Amino acid sequence: MRVVEFGTGTQATFVPSDPPRDGVLALWGDGVAGDTAIELVLPVGKVFRRTKVDAALVPLSRAIPRLLTAEGELSPAIAAWSAVAEAGVNLIARGRLLPAASPGGVDSWRVGPLDVADEEMLRGLAAALPPEAHALPLSGLKRIRLHSPESLIRALWDATADVLVRTPAASVAAGGPAFAAAQPTLVGPDGAAWLAELSARQAQGAHLVLRMEVHEPEDPTVPEDEPTFEAVLAVRSAADPSLIVEAATLWDAPEAVLERMGEQVETQLLLGLRRGARAWAPLGRMLRSAAPTGLALDYDEVVDLLTHGDAALGGAGIEVQWPKDLFAGELKAKASATQAPGSVTGPEFTLKSLLRFRWRMSLGDEDLTDAEVTALAEAKRPLVRLRGKWVKVDARLIAKVRAHRAKKLSGAEALAAALTGELELDGEKVEFTAPSALTGLLRRIRDSAAEPIEQPAELRATLRPYQKAGLAWLATMTGLGLGACLADDMGLGKTIQLISLHLHRRPRGEGPTLVLCPTSLLGNWEREFARFAPDIPVRRFHGGGRHLDEVAPDEVVLATYGVLRRDREALSEVDWGMIAADEAQHVKNPLSATAKELRKIPAAAKVALTGTPMENRLTELWSIIDWTTPGLLGSLDGFRRKVARPIERDRDVAATERLATTVRPFLLRRKKTDPDIAPELPRKTETDRFVPLTAEQTTLYEAVVRENLAMIRELDGVARRGQVLKLLTELKQICNHPAQYLKEPGVLHGRSGKLAAFEELLDVILDEGDSVLVFSQYVQLCRLLEKRLAERGLPTMLLSGSSTPKAREDMVARFQAGEVPVFLLSLKAGGVGLNLTKATHVIHYDRWWNPAVEDQATDRAYRIGQDRPVQVHRLIAEGTLEERIAKVLETKRGLADAVIGAGEDWITELSDDELADLVRLGGT
């Protein structure tokens with residue numbers, strides 16, 4: 001037999017057998033070659049039929065490890081059986097094991113007995129099994145009858161128990177092969193009798209109970225007069241578990257009571273005592289009495305019973321009961337912290353604070369004094385008299401308390417522990433009580449978004465309510481010296497919130513702000529500051545001749561991630577008041593050069609801006625949060641082991657909640673669909689994204705301008721107008737991509753600033769699970785985009801004038817059904833007559849001279865039937881005719897046919913000087 005890799009499309013069902021350890025897991029599906037054929041009941045058309053399936057039969061000894069470690073894209077059946085196997089192993093680990101004999105008389109183990117919670121879990125797992133996971137028909141029946149999901153799960157659990165219990169050393173420990181050897185062993189008459197007795201003992205008769213009693217001294221002031229202990233013997237009815245009778249009064253009990261105890265109660269009592277004496281020696285003294293009723297115990301015997309004998313007697317079927325008021329309650333250790341001597345801290349707690357770890361011991365709900373803790377530690381006894389009651393002392397707990405007396409905590413460690421209420425020490429989680437300095441900080445963090453704050457007077461805009469809340473949160477977090485990750489959806493205004501934050505911090509002299517972003521967003525940031533905060537000095541630290549001389553205290557410096565990698569040392573020399581990382585997913589890989597260099601730049605406040613704080617792995621979230629708030633999530637290796645793996649692999653709910661509790665105060669996430677935000681959004685949001693030209697584009701652009709302007713000056717009339725249109729067309733193609741202008745297939749990546757910005761924008765849109773329309777007036781450009789996205793493995797569709805009506809209808813239907821998220825359309829072919837409301841984003845890769853044409857294209861998504869906000873993105877080549885025409889279109893969009901008219905005719909009527917100014921390369 002061979003183990004088949006579990007993968008997408010692979011299905012599974014469990015095939016039980018006798019003995020159960022011979023059961024196998026049958027796998028079939030994509031890529032599974034058949035070792036044999038098994039009969040299953042599978043859908044054939046609209047009916048279910050018995051079907052022979054080529055399957056790989058995997059022995060459980062090899063399938064169980066695979067099921068327990070299965071991860072990645074699993075079929076529903078494999079995922080369900082993986083959960084069943086994990087549950088079974090957990091039951092076995094809890095000791096839910098019973099010996100049994102198969103119908104053929106062979107020794108076997110089964111899982112049991114199951115309590116109420118276990119039975120409920122069984123029903124839940126059975127309900128979660130998809131039909132194909134238990135498509136196994138009962139044999140010997142003409143009509144199709146399937147094994148029930150519960151029976152197959154129980155069969156797998158029993159088979160798992162039988163496989164795991166039998167180890168190479170089991171036969172040696174058991175003294176024989178029965179119930180231990182790997183090979184089937186006949187139980188025999190003695191074994192069958194033992195199993196019958198065991199079964200009968202479970203089903204009827206009486207069980208022994210040992211009830212502990214404590215007799216307090218007559219005079220508690222006399223030190224030598226200590227409490228005495230007595231174990232009182234009783235029996236519990238198996239038929240009526242609520243009925244318990246002391247052995248001393250058993251024979252005087254009414255006949256009705258004795259009937260509930262069974263006919264062999266005396267024999268069962270004596271047999272039980274014998275089993276108990278073998279498990280715990282002091283019980284043997286009862287066997288010397290003709291009528292055993294109880295047993296006096298000294299202190300050491302009580303301690304031994306409490307620590308070891310209780311469990312041993314439970315294994316022998318004897319229940320030990322302790323008085324509820326005997327013990328003072330559970331002794332707990334709670335972690336806390338105080339300011340460490342010599343640590344540099346201000347009046348308020350900061351992440352740089354150094355705290356001294358301390359333990360707080362509690363008994364029930366009351367804290368113990370230092371003297372009482374010392375008394376417990378020095379007693380060296382597991383049972384100590386304290387406050388008039390007995391206290392069970394865990395020596396391991398006391399040792400742990402004493403071992404961490406000198407431990408120190410960083411501010412970030414203490415803050416994370418205060419948020420979750422737990423601190424991890426040596427792999428164990430203990431309750432953590434935050435010191436007063438930390439509780440005040442937590443209160444401010446939790447109330448940060450609710451604290452009222454006025455938008456800065458210098459801001460040339462009106463913030464929406466949720467943006468004001470975002471500003472208040474950012475101001476509080478950065479004011480406390482803590483980091484922040486603003487993870488609003490695209491289009492909710494992360495940029496204007498950051499600009500508002502800079503203006504808010506400005507009067508306080510917090511220092512200059514460094515904004516790091518992709519190259520394609522440099523122009524956006526510059527224009528947004530110029531539009532909303534024109535009084536703020538802004539410089540680009542990018543390109544030749546860049547410098548950081550005399551940076552003003554309120555200045556904003558814009559730099560790219562590429563410049564960060566090359567000039568990190570120069571950036572580190574400035575005393576930054578704040579660093580903002582836009583599109584922070586660029587530093588999601590903590591081991592990348594960009595992430596490493598970013599961590600080396602000191603700043604009083606750090607803000608990450610991203611709509612996708614986690615794209616694939618939790619370590620991406622760690623990378624961003626560890627930059628904004630270092631140490632909050634611990635080390636990368638520790639985070640992987642203790643957080644990422646339990647959540648991603650084991651779906652650990654508790655670990656997920658702890659992570660959310662820790663991260664939530666430092667990450668503000670608002671979605672377009674949030675009920676308190678969606679009503680505030682306009683139905684359509686339009687954004688101009690300015691992108692730089694590459695060196696190749698710049699060279700081509702300048703050459704075309706120089707050559708065409710010289711020719712235009714020599715022409716007039718129709719010839720001049722034709723030459724102007726040729727110039728405009730060539731410049732627009734160069735702005736799109738050099739390959740379009742040069743009409744060459746060539747390499748596409750790395751040659752166009754607009755293509756780079758388009759891909760970055762598309763990644764964000766697709767990561768959010770949205771669909772997008774991409775318009776261009778050039779079919780050739782659409783084909784280039786189709787080729788580039790195909791290279792990246794992204795599915796697209798392309799609609800042009802050459803598409804047949806049938807193909808057009810099919811593409812629209814597929815897009816609306818969500819089969820393909822990216823729809824490339826030529827402006828003329830796709831600008832009218834289509835209903836594409838599946839799209840929530842529209843990208844205009846190049847500009848049409850008439851804004852009405854662009855609006856018509858946008859209305860393919862923004863139309864009746866659209867129930868979600870639509871975002872329109874226009875890509876504009878910075879410093880080119882596209883940027884200058886965009887300014888004209890912005891001022892004239894509301895005027896029907898005024899100045900612009902329809903199309904490009906207005907441009908052809910410009911004078912030579914006006915035309916030269918329009919097409920020149922450089923700033924506006």
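User: Which residue in strand 30 is the bridge partner of Leu-799?

Analyst: This is a predicted model: local features need pLDDT of at least 70, side-chain atom pairs count only at pLDDT 80 or more, and totals for chains, interfaces and linings use all residues. Residues are numbered from 1 along each chain as its sequence is written, and side-chain values use heavy atoms, leaving out hydrogens and water. Strands here are DSSP runs of E, at least two residues, and helices are runs of H or I, at least four, numbered from the N terminus. In strand 30, Leu-799 has as its bridge partner Leu-825.

User: How many bridges join strand 29 to strand 30?

Analyst: Two strands pair if DSSP finds at least two bridges between them. Strand 29 covers residues 796-799 and runs parallel to strand 30. The bridges joining them number 4.

User: Which strand pairs with strand 30 over 5 bridges?

Analyst: The pairing is in the parallel sense. Phe-775 has Leu-825 as its bridge partner in strand 30. The strand in question spans residues 772-776 and is strand 28.

User: How many of the 5 residues of strand 30 are buried?

Analyst: Buried means under 20% relative accessible area, exposed over 50%, partly exposed in between (1.4 Å probe, protein chains only). One face of strand 30 carries Val-822, Leu-824 and Ser-826, the other Phe-823 and Leu-825, and all are buried. For strand 30, residues 822-826, the buried count is 5.

User: In what order do the 4 strands of the open sheet lie?

Analyst: The pairing is antiparallel. The twist averages 40 degrees from one strand to the next, with axes fitted to C-alpha atoms, for helices over the stretch in contact, and angles from 0 to 180 degrees between N-to-C directions. The order is 1-2-4-3.

User: How many bridges join strand 3 to strand 4?

Analyst: Strand 3 and strand 4 run antiparallel. Leu-40 stands opposite Thr-51 in strand 4. The bridge count for strand 3 and strand 4 is 9.

User: At what angle does helix 1 run to strand 4?

Analyst: Helix 1 (residues 60-69) lies across strand 1, strand 2 and strand 4 (47-59). Helix 2 (residues 76-93) packs on the sheet too, touching strand 1 and strand 2 at about 45 degrees to the direction of strand 1. Helix 1 makes with strand 4 an angle of about 95 degrees.

User: How many residues are in the largest nonpolar core?

Analyst: A nonpolar core is a set of buried Ala, Val, Leu, Ile, Met, Phe, Trp, Tyr and Cys residues joined through side-chain atoms within 4.5 Å. Those with the most contacts inside the largest one are Leu-415, Leu-498, Leu-514 and Trp-525. Apart from it lies another core, of 50 residues, including Phe-14 and Val-111. The largest core's residue count is 93.

User: How many disulfides are counted?

Analyst: A disulfide is a pair of cysteine sulfur atoms within 2.5 Å. Cys-517 counts as buried because its relative accessibility is 0%. Cys-735 is buried as well, at 1%. The disulfide count is 0.

Technical notes. Contact means heavy atoms within 4.5 Å.
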